[in-house]
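Please look over the model below before reading on. My notes follow as numbered points.

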Amino acid sequence: MLIVMMKAMKDFRAAALVVLLVLTACATWRWSGSPPRDERTANAPLAARSAGGELHPRPVEAPPEIELRLSTAPAAVKPQVVVAPTPPEKLKTAVYPADLGPETVDVSGYPPRIRADYQVYARVCAKCHTLARANYSQHVERAWWRLYITRMRARAAWKGSRLSRDEVRAILNFLSHDSRARKRERRKEFEKTTAELERRFDAEMALRLQRLQKGRPVLDGR
Ligand code: HEC
């Protein structure tokens, strides 16, 4: 009886082993072959999304494949982007990567009306933080800016200064035009600039963390 059971168990184990082997073989064949269609096209929606210029929300991490394609692209396609160095005092107070960007926008190519709107924008939007925060924000949608300004108006009112309807309209007009011209139409350049600002910001954050750690009480008794 016992012998029969053991034999049956053996047969069962043998059968299980065969099934396992077959499954492993299938999996190996599947992985060693060319990637399935959906894997090859998995990045397409992302590329399409960024091609559409939808830059918000900010932390859209480019998958390594796209990075690779960028870095191996011929030099002619790559616009050379040189971001002016960030002054040390700005590094210390930054809370957004955008804070590390240039304070001004080159509006020399913009229509005169938009250039006038820029003056309002530069005056109002630099009251509480660097203008760079607004200049290098990832937001491009007029609707988002309208919402932001509504929130900001409440804050500004609380601070004792009011924004007129004309000022709001001027700022929105400038932001719409500038987002289209600088962030959408020259997307590659804008993305390279913001990538550089993020690199600087990350380095600064690492430094701040180091300083914080050094200032902490020593916990391990040394
Ligand atoms: C009354 C002070 C004040 C004024 C004026 C102001 N901001 Fe801000 N802004 C802030 C504060 C505070 C933050 C920090 C985050 C928050 O509370 O939203 C901020 C954050 C931001 C951000 C980052 C928010 C995000 O989600 O990306 C952008 C972009 C921005 N401001 C743009 C502007 C623009 C454009 C204007 C001009 C219309 C402006 N700010 C005027 C106080 C102000």
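What percentage of the 222 residues in the protein is buried?

1. Buried residues account for 17% of the 222. A residue is buried if 20 or more other C-beta atoms, placed from the backbone, lie within 10 Å of its own. The model is predicted: local features need pLDDT of at least 70, side-chain atom pairs count only at pLDDT 80 or more, and totals for chains, interfaces and linings use all residues. Numbering starts from 1 along each chain as its sequence is written.

2. The protein has 10 helices and zero strands. Both are DSSP runs, numbered from the N terminus: helices are H or I of at least four residues, strands E of at least two. Of contacts between residues at least 6 apart in sequence, 77% join residues at least 24 apart. A contact means C-beta atoms, placed from the backbone, within 7 Å.

3. Helix 9 covers residues 165-184. Its 20 residues should span 28 Å at 1.5 Å a residue, and the end C-alpha atoms are 27 Å apart, so the two agree. The expected span is 1.5 Å times one less than the number of residues.

4. Helix 9 has a kink of about 30° centred on Asp-178. The bend is the angle between axes fitted to the seven residues ending there and the seven starting there. Asp-178 is also one of the buried residues of helix 9, which include Phe-174 and Arg-182.

5. Around the ligand are 16 residues; Cys-125, Lys-127, Cys-128, Ala-134 and Ser-137 come nearest. Shell residues have a C-beta atom, placed from the backbone, within 6 Å of the molecule. Helix 8 (142-159) gives the largest share, five residues.

Conventions. A residue is buried if 20 or more other C-beta atoms lie within 10 Å of its own, exposed if 12 or fewer, and partly exposed in between; C-beta atoms are placed from the backbone. Two residues are in contact if their C-beta atoms, placed from the backbone, lie within 7 Å.
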